[in-house]
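Please have the structure open beside you as you read.

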Amino acid sequence: MAGRGRDVRDSSVVVLCLLLLVALTGCGGGTDTASLRADVQRVLDRRAAALLGRDAAAYAATGTRTGFDRVAEVPLADWTYRVTGLERTGSTATADVDLRYRLAGYDAGALRARRTVRLARADGTWRVTADRPAPKAPRQPWDQGTVQTVRGAHSLVLGVGRADAALRAYAGLADRAVPAVSAAWDGDWPRRVVVIVPRSLAAMAELLGSPASSYQGIAAVTTGETGAGAPADRIVVNPEAYGLLGTVGKQVVLTHETTHVATRAHTGAATPLWLSEGYADWVGYRGTGRAPARIAPELARAVAEGRVPDALPADDDFGFTGDATELARAYEGGWAACRLIAEEWGEDRLDAFYRAVGAHGRRDGAVADAMRRVLGTTPEDFTLRWQARLRTELS
């Protein structure tokens, strides 16, 4: 019993000493965490500088080389990391990181990508062992492989696992799309686009952070922030659906998506999808010479059967996961509405109407107010004109 008592006292002394050591050294406390965070941030700063400076040796000194060669052809103007969270387990650490990067000559501002960076400590130095997208965050093109780059007159095409000839074909289509959009849209815009061509539909979905089923049959989408001051846009192609299109269809799709890039600064929360998508389709088909019934076959079929829409398409009608026929009719109805404005009020009024709707502070009343001020009509009267035009041209 006496010996057991001495063990307890000895253990208490050890525990007390350990607690004092923790208090004195800051082990596990705020000072140590701040120091670790600063160390990791410095490593990432050196890594970013080496990447921008194309210094392979300096990059390798910060950890794994994976990623360095994958972006060798990408014209980077900025590449910075910011540590937002950090956890350490012994000689390893996991950092939550915001990556911000900008493409030289194309991006007005930096794009943000959430990353998870793993590090290991050896010989007193932290080094990166892995740099991956954060959970549920979209992948970046270089996460899928080495990025190939083709520069056009008005375009930058980034591809992964694609033949150079195929990427040059995309650049040619994009280079024709830019002046076609500028001829229709009288607003100021950069007049250049970035097109991303992944390996497959599944790879496209990874770049967009959504299930592949969401984009089945969708040839391309444009990503970016709406409103003035948006940093950058990306046209992301679904190579499987896009490859099924004919020459005219491929051009229409790239012109449609380029229109979204051009009108982005004037597209806001008040802009209904029938206007933003309808305008993009109107620009895409403008000058093709195609008859209305060929441009809007599903809507023509409905009108011929006596099913003229009661109203302009609602936003919910444009859901990618819904019925494909209903989705087609929504796009076609928006196109017909924008074409009606262009032909009865003029193309300049159509552009002015688009900007007026986007500038409205809220969705309620935006279309009605713009119709009154720009077109001198009401939504009720406009819908009747739209329905009459559908019966005349599509029945």
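1. The chain folds into 14 helices and nine strands, taken as DSSP runs (H or I of at least four residues for helices, E of at least two for strands) and numbered from the N terminus. Its radius of gyration is 28 Å, well over the 21 Å from the globule rule for 395 residues, so the chain is more spread out than a compact globule. That radius is taken over C-alpha atoms, and the rule is 2.2 Å times the number of residues to the power 0.38. Along the principal axes, the C-alpha trace spans about 105 × 50 × 35 Å.

2. A word on the basis: this is a predicted model, where local features need pLDDT of at least 70 and side-chain atom pairs count only at pLDDT 80 or more, while totals for chains, interfaces and linings use all residues. Residues are numbered from 1 along each chain as its sequence is written, and side-chain values use heavy atoms, with hydrogens and water left out.

3. Buried residues (under 20% relative accessible area, with exposed over 50% and partly exposed in between; 1.4 Å probe, protein chains only) make up 47% of the 395 in the chain. Contacts, meaning heavy atoms within 4.5 Å, are worth a look too: of those between residues at least 6 apart in sequence, 60% join residues at least 24 apart.

4. Beyond four places in sequence, W282 touches A184, W335, C338, R339, A342, E347 and L350.

5. Helix 5 (residues 201-208) is mostly covered, with six of its eight residues buried: L201, A203, M204, A205, L207 and L208. Which elements do the buried residues of helix 5 pack against? They meet strand 7 (193-197), strand 8 (220-224), strand 9 (233-237) and helix 6 (239-242). After helix 5 comes G209, with a positive phi near 70 degrees.

6. Finally, is D107 buried or exposed? D107 sits in the loop between strand 2 (92-103) and strand 3 (111-122), and at 5% relative accessibility it counts as buried. Leaving aside neighbours within four places in sequence, D107 is in contact with Y101, R102, P231, A232 and R234.
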